[in-house]
Amino acid sequence: MCSKITLVLALFSIYFLSTDAANGSFPALLAFGDSILDTGNNNFLLTLMKGNVWPYGRSFNMRMPTGRFGNGRVFSDIVAEGLGIKKILPAYRKLFVSPSDLRTGVCFASGGAGVDPVTSKLLRVLTPRDQVNDFKGYIRKLKATAGPSKAKEIVANAVILVSQGNNDIGISYFGTPSATFRGLTPARYTTKLAGWNKQFMKELYDQGARKFAVMGVIPLGCLPMSRIFLGGFVIWCNFFANRVAEQYNGKLRSGTKTWGRESGFSGAKFVYVDMFNTLMDVIKNHRRYGFTNEKNGCCCMITAIVPCPNPDKYVFYDFVHPSEKAYKTISKKLVQDIKNGLA
């Protein structure tokens with residue numbers, strides 16, 4: 001009998017040790033920001049920004065919409081899998097989050113959100129303050145299930161994945177007159193955005209977060225919606241929108257190299273996640289990666305209400321969001337960058 005008990009305990013030890021080894025120094029992924037990462041938090045908000053309706057989720061389990069803005073899994077799910085943590089990152093605001101999911105990470109992001117105070121309020125989605133408050137609530141729940149010491153360790157070693165700026169530039173700056181009324185040139189606006197993003201991460205840092213993967217914005221001028229504004233599905237991207245996106249990304253990239261040396265971020269690590277150039281490479285060389293269409297969205301466009309037969313052939317699933325295959329394609333390099341930068 002004792003030998004059987006010993007064998008069972010040994011097997012349990014091997015299992016947990018192998019799991020920890022697979023995950024390395026990252027026990028959890030905690031995602032903040034916008035629809036590139038949102039896995040369903042907007043389902044529980046009074047907003048028109050919803051991803052829990054057809055034809056979203058057609059490549060997901062049971063072909064059911066989940067609140068993700070795409071045909072299947074989104075970037076946060078794929079990064080979680082790439083880091084060896086888990087395949088699906090649950091939304092924090094779902095009705096029930098299991099203790100095991102609390103330990104391995106959740107998503108606080110909200111489709112349509114931004115760090116400009118105007119953006120999230122404009123679309124009635126989660127503001128940066130809302131996401132920080134949810135993070136505080138998550139820590140309380142984690143302490144209750146894992147204990148204070150273990151909870152602190154998980155948060156300190158978790159990858160904090162942050163995607164901010166896409167909606168601020170694409171909607172608040174280009175889509176509304178608010179930035180113009182505030183007298184903000186692209187240079188001033190992108191500087192403010194980088195500063196707001198840094199402040200947001202400081203608030204997460206103050207709650208115990210230490211490892212930050214800071215995502216740049218995607219090529220906003222190459223989105224199907226941007227091409228529509230140019231007068232149809234034209235062959236070129238919106239140069240001005242991409243230039244503003246690159247200005248902002250450059251400031252984030254510089255910040256990730258210096259913020260960790262500041263006294264306010266003592267002990268923190270930052271890595272820049274280059275969404276712009278990796279996705280631009282896929283757009284420019286789409287056939288090399290197995291795509292046949294890099295200009296139109298597979299669904300939800302003015303000329304294509306009915307989804308295309310195979311979303312894996314499209315770089316974009318709708319008018320602004322990449323397809324699951326596009327996320328998978330760019331994640332191969334970006335996950336390795338995260339591992340190298342935050343190990």
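Cys-222 is buried, at 0% relative accessibility. This is a predicted model, so please hear each value as computed from it. The partner of Cys-222 is Cys-237, and the two form a disulfide with their sulfur atoms 2.0 Å apart. For anyone new to the term, a disulfide is a covalent bond between the sulfur atoms of two cysteines. This link is right-handed, with 105° about the S-S bond. Cys-222 sits in the loop between strand 3 and helix 10, and Cys-237 in the loop between helix 10 and helix 11, so the bond ties together parts that are 15 residues apart in sequence. Cys-237 is partly exposed, with a relative accessible area of 22%.

How many disulfides does a search of the whole structure find? It finds 2. The other joins Cys-298 and Cys-308, with the sulfur atoms 2.1 Å apart. That link is left-handed, at -100° about the S-S bond. Both cysteines lie in the loop between strand 5 and strand 6, so the pair ties together parts that are 10 residues apart in sequence. Cys-298 and Cys-308 are both buried.

Now the cores. The largest nonpolar core has 85 residues, and Phe-75, Tyr-138, Phe-212 and Ile-338 have the most contacts inside it. A second, separate core has 7 residues, among them Cys-298, Cys-308, Tyr-314 and Tyr-317. Back to Tyr-138: leaving out residues up to four places away in sequence, Tyr-138 touches Leu-30, Tyr-92, Leu-102, Val-106, Phe-108, Ile-154 and Val-155.

Next, strand 2, residues 159–163. Why is strand 2 described as largely enclosed by the rest of the structure? Because 5 of its 5 residues are buried. In a regular strand the side chains alternate between the two faces of the sheet. Here Val-159, Leu-161 and Ser-163 are on one side, Ile-160 and Val-162 are on the other, and all are buried. Strand 2 runs parallel to strand 1, joined by 5 bridges, and Ser-163 is the bridge partner of Gly-33. Another 5 bridges join strand 2 to strand 3, also in parallel, and there Ile-160 stands opposite Phe-212.

Last, two backbone details. The peptide bond from Trp-54 to Pro-55 is cis, with omega near 10°, and Pro-55 lies in the loop between strand 1 and helix 2. Arg-124 has a positive phi of about 60°, although it is not a glycine. Arg-124 is in the loop between helix 4 and helix 5. Is Arg-124 buried or exposed? Arg-124 is exposed, with a relative accessible area of 57%.

Note on methods
Residues are numbered from 1 along each chain as its sequence is written. This is a predicted model: local features need pLDDT of at least 70, side-chain atom pairs count only at pLDDT 80 or more; totals for chains, interfaces and linings use all residues. Side-chain values use heavy atoms; hydrogens and water are left out. A nonpolar core is a set of buried Ala, Val, Leu, Ile, Met, Phe, Trp, Tyr and Cys residues joined through side-chain atoms within 4.5 Å. Buried means under 20% relative accessible area, exposed over 50%, partly exposed in between (1.4 Å probe, protein chains only). Contact means heavy atoms within 4.5 Å. Helices (H or I, at least four residues) and strands (E, at least two) are DSSP runs, numbered from the N terminus. Two strands pair if DSSP finds at least two bridges between them. A disulfide is a pair of cysteine sulfur atoms within 2.5 Å.
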